[in-house]
Amino acid sequence: MPTAVTAPIQAGTWVIDPVHSTVAFSVKHLMVSKVRGKFDTFSGAVTVAEDGTPSVSAEIDVASINTGNEQRDGHIRSADFFDAENHPKATFVSTDVRPDGDDYVLVGDFTLKGVTRPVELELEFNGVNPGMGNGPVAGFEAKTVINRKDFGIDIEMPLEGGGVVVGDKITITLEIEAGLQA
């Protein structure tokens, strides 16, 4: 059962501004460093009900992955990883938001490569600004760690001396600016 949370922003639909937002990730590489990347195409909204209860929905175009290396990005788009041809979108739909000290926990169903699993994101609300003539904007930061194997990304790439090329744990970081729709 969802926990009642009164949102610190006014009721309405707050649409993610992709120009001022980032959907990024990092994963261990060769057991000693991290590869970082982002998605260039995504959309979503935070809808705040009249009673103050927020809900979130988002969609990511997985083919828009950008790690700064086209060869690697092509491999990640392939069936070994995202299978972007058959599963072009990753989605998130919230099921609950609950307070956690001064911050929140955002709970929802995340779908990647056709597999849906519940995830919890640490959510920080950064406040509302009157904006620059187009209405108020709100800022959020969120973070979660998922296991890629839970989503059917189970390619094994062992290293000759032990370990693996790509780690299992993926850290997803969101920096979101959303504008209130008129």
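**Rings and charges**

Modeller: Phe110 counts as buried because its relative accessibility is 10%, where buried means under 20% relative accessible area, exposed over 50% and partly exposed in between (1.4 Å probe, protein chains only). This is a predicted model, in which local features need pLDDT of at least 70, side-chain atom pairs count only at pLDDT 80 or more, and totals for chains, interfaces and linings use all residues. Residues are numbered from 1 along each chain as its sequence is written, and side-chain values use heavy atoms, with hydrogens and water left out.

Colleague: How many aromatic pairs does a search of the whole structure find?

Modeller: Rings of Phe, Tyr and Trp (its six-membered ring) pair if their centres lie within 6.5 Å; planes under 30 degrees apart count as stacked, over 60 as edge-to-face and the rest as tilted. Searched as a whole, the structure gives a total of 4.

Colleague: What is the angle between the planes of Phe25 and Phe39?

Modeller: The two rings form a tilted pair, 5.8 Å centre to centre. Phe25 lies in strand S2 (residues 22-29) and Phe39 in strand S3, so the pair ties together parts that are 14 residues apart in sequence; strands (E, at least two residues) and helices (H or I, at least four) are DSSP runs, numbered from the N terminus. Both Phe25 and Phe39 are buried. The angle between their planes is 45°.

Colleague: Which residue forms an aromatic pair with Phe110?

Modeller: The pair is edge-to-face, with 5.4 Å between centres and 70° between planes. Phe110 is in strand S8 (residues 103-112), and its partner sits 41 residues apart from it, in the loop between strand S10 (137-147) and strand S11 (166-180).

Colleague: Is Lys34 buried, partly exposed or exposed?

Modeller: Lys34 lies in strand S3 (residues 33-39). Together with Lys28, Arg36 and Lys143, Lys34 belongs to a surface patch of positive charge; patches are made of residues with over 30% relative accessible area and no salt bridge, like charges being joined within 9 Å and nonpolar side chains (Val, Leu, Ile, Met, Phe, Trp, Tyr) within 5 Å. A salt bridge is a side-chain nitrogen of Lys or Arg within 4 Å of a carboxyl oxygen of Asp or Glu. Because its relative accessibility is 47%, Lys34 counts as partly exposed.

Colleague: Which strand holds Asp100?

Modeller: Asp100 gathers with Asp102, Asp103, Glu122, Glu124, Glu141 and Glu175 in a surface patch of negative charge. At 46% relative accessibility, Asp100 counts as partly exposed. Its place is in residues 89-100, strand S7.

Notes:
Areas by Shrake-Rupley, 256 points an atom, 1.4 Å probe, with all protein chains shown as cover. Lys, Arg positive; Asp, Glu negative; His and termini not counted. Charge placed at Lys NZ, Arg CZ, Asp CG, Glu CD.
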